[in-house]
Amino acid sequence: MTQHQRLLIIDFGSQVTQLIARRLRELKVYCEIHPYQKVTDAFLADFAPQAIIFSGGPDSVTREGSPRPPKSAYTLGVPILGICYGQQVMMQDLGGLIEAGQSHTAEFGRAFVTPTDTRLPLLEGWFAEGREQVWMSHGDHVSRIAPGFEVYGTSPGAPFAITADVSRNFYAVQFHPEVHHTPRGAKLYENFVRLAGFTGDWTMASYKDDAIAKIRAQVGDKQVICGLSGGVDSSVAAVLIHEAIGDQLTCVFVDHGLMRLNEADEVVSMFRDHYNIPLIHAEEADLFIGALEGVSDPEVKRKTIGKLFIDVFQREANKIEGAEFLAQGTLYPDVIESVSFSGGPSVTIKSHHNVGGLPEKMGLKLVEPLRELFKDEVRALGRELGLPESFIGRHPFPGPGLAIRCPGEITREKLEILRKADAVYIDQIRKHGLYDEIWQAFVAILPVRTVGVMGDGRTYDYACALRAVTSVDGMTADYYPFSHDFLGETATRIINEVKGINRVTYDITSKPPGTIEWE
């Protein structure tokens, strides 16, 4: 297997540490995020990074017992970049001085950095217009830089906004180059990895080959079960594993009757017919919808679906002789978020529907070939594996399916109306060439009926809400600014083509304060 060049990101608890990894992956640099508590001398020796980045964080280096990297990080002889808290911890560790926050030195939000010396290779492509916009978020500030460091940029609240010790390849900035609000931040990361000698050897073609070799080594001649939802993650995982071990893989598709129009048939056709992957299609719409009828509480819906999913999956999986592994489409953000910076539990906004608990319950070992990837990298891997673009580029679809796009009580009638309305809406978006500009789009059927007039008759039918958002990672989102012509045309089509809806609205709530889904 290929040994990629590796960069280590030591996480001190910043809310945007994942963005650092995203920027580096875009540059084809393999990196991993690890919380500072885990990064010991032994860990560093084993990981053998070619460069290190210290993330930002909420703590104060002036506090006794505040987070620190191991001292050996500074003696490895590899380039280091400190960001915000990472700059302050580097200065403190190497002989500088940090002062606690004061009103005249704190900076939060947009700021401008002015260069004092533009000859630093880290800053190539910066300061063409005399100053650079950056995003600051600091209360404490560096009041004396460490010996060996020079100042290359200042801001009103940070006299040492950019510092470097070129002889040791140590660089430190007070701002956050990873965020969108530092427009040329990506260029700074590009310069840093070039200085560190990275050649950009992290590609999906090489990842695919490595992943196949790892799966074969892990599984041997044993059987693997994969819970197939029809979404991009589980589908890419299934095709990758099948390429590695062939008929040792069996997929179980639990069809809960809450999919979009014709979606279950498309999933079965693609995997059973096109890829010739052994597939068990558990058609359980009556079971799920029967259990959900009359249920209106969103958490009860999710937990009912999750429990039934596990029951059905386990029943079907037990029919497969000799299965020792369970495959899941776990992604890197799931791995990062499952172990928080502080070691404490994360807040549950809503329960997620997956195969949680199954490995222990069934005595199975996990195969998670996507656990090092972000969502956009999963799509790139899907392309390497030859999955159709129409499938890879699909908008995200929640595990509980249409159940959470049907606020209030669920009925078969409402689900059928919702399927048809959603199909018309997505057809409109595709027809107008907007699908790829939108992160996620769907219809929610509302738990109210409204009076309308069609022809000369009175109607009393359901209202629906259209939802379409733009996003980078689903963590935050804004509504898509459709034209009034588009909305009018779409509303007319839905009302004319879908019996049971006589009123159409458009949801213009951002996330936060709303969520993308209605429940």
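**Helices α14 and α15**

I began with the pair α14 (residues 412-431) and α15 (residues 484-497), whose axes come within 10 Å and cross at roughly 145 degrees. I am working from a predicted model here, so I read every value as a computed one. I looked up the hand of the crossing of α14 and α15 and found it right-handed. Next I listed who meets whom: from α14 come A421, V424, Y425, D427, Q428, I429 and K431, and from α15 come F486, E489, T490, R493, I494 and E497. By residue class, this contact holds six nonpolar, two polar and five charged residues.

**The annotated active site**

I then turned to the UniProt record, an unreviewed entry, which puts the feature "active site" at C84, H176 and E178. How far apart do these residues get in space? They span 95 residues of sequence, yet they cluster, with a largest C-alpha distance of 11.3 Å.

I took H176 next and found it in the loop between β11 and α4 (185-195). Is H176 buried or exposed? Its relative accessible area is 6%, so I noted H176 as buried. Beyond its sequence neighbours up to four places away, H176 touches S14, V16, G56, I83, C84, W135, S137 and T182. I was pleased to see C84, another residue of the annotated site, among the contacts of H176.

E178 also sits in the loop between β11 and α4. E178 counts as buried because its relative accessibility is 0%. The side chains of E178 and H176 make a polar contact at 2.8 Å. Setting aside neighbours within four places in sequence, I found E178 in contact with V16, L19, I20, R23, I83 and Y189.

**A side look at α1**

I wrote down the buried ones: T17, I20, A21, R22, R23, L24 and R25. Just after α1, I noticed that K28 has a positive phi of about 65 degrees.

I placed S229 in the loop between β12 (223-228) and α6 (232-245). With 41% relative accessibility, S229 is partly exposed. Its side chain reaches the backbone nitrogen of G231 at 3.0 Å. Leaving out residues up to four places away, S229 touches S234, F253 and M259.

V232 lies in helix α6. What does its 8% relative accessibility make V232? It falls under the 20% cut-off, so V232 counts as buried. Its contacts, beyond four places in sequence, are V378, R379, F391, I392 and R394.

H242 counts as buried, at 17% relative accessibility. Outside its sequence neighbours up to four places away, H242 touches D247, L249, Y275, N276, I277 and P278.

My last stop was V166, in the loop between β10 (158-165) and β11 (170-173). V166 is partly exposed, with a relative accessible area of 43%. Not counting residues up to four places away, V166 touches L120 and Y152. I also took the C-alpha separation of V166 and V39, which are 127 residues apart along the chain, and got 25 Å.

Terms used: Residues numbered from 1 in each chain as written. Predicted model: local features only at pLDDT ≥ 70, side-chain atom pairs only at ≥ 80, totals over all residues. Heavy atoms only, no water. Axes fitted to C-alpha atoms, helices over the stretch in contact; angles between N-to-C directions. Helix = DSSP H or I, 4+ residues; strand = E, 2+ residues; numbered from the N terminus. Left-handed = near helix turned anticlockwise from the far one by under 90°. Contact = heavy atoms within 4.5 Å. Nonpolar A, V, L, I, M, F, W, Y, C, P; charged D, E, K, R; others polar. Buried < 20%, exposed > 50% of the residue type's maximum accessible area, 1.4 Å probe, protein only. Polar contact = N/O pair within 3.5 Å; in protein donor to acceptor, adjacent residues only side chain to side chain. UniProt positions renumbered as here; feature names shortened; annotations may be inferred.
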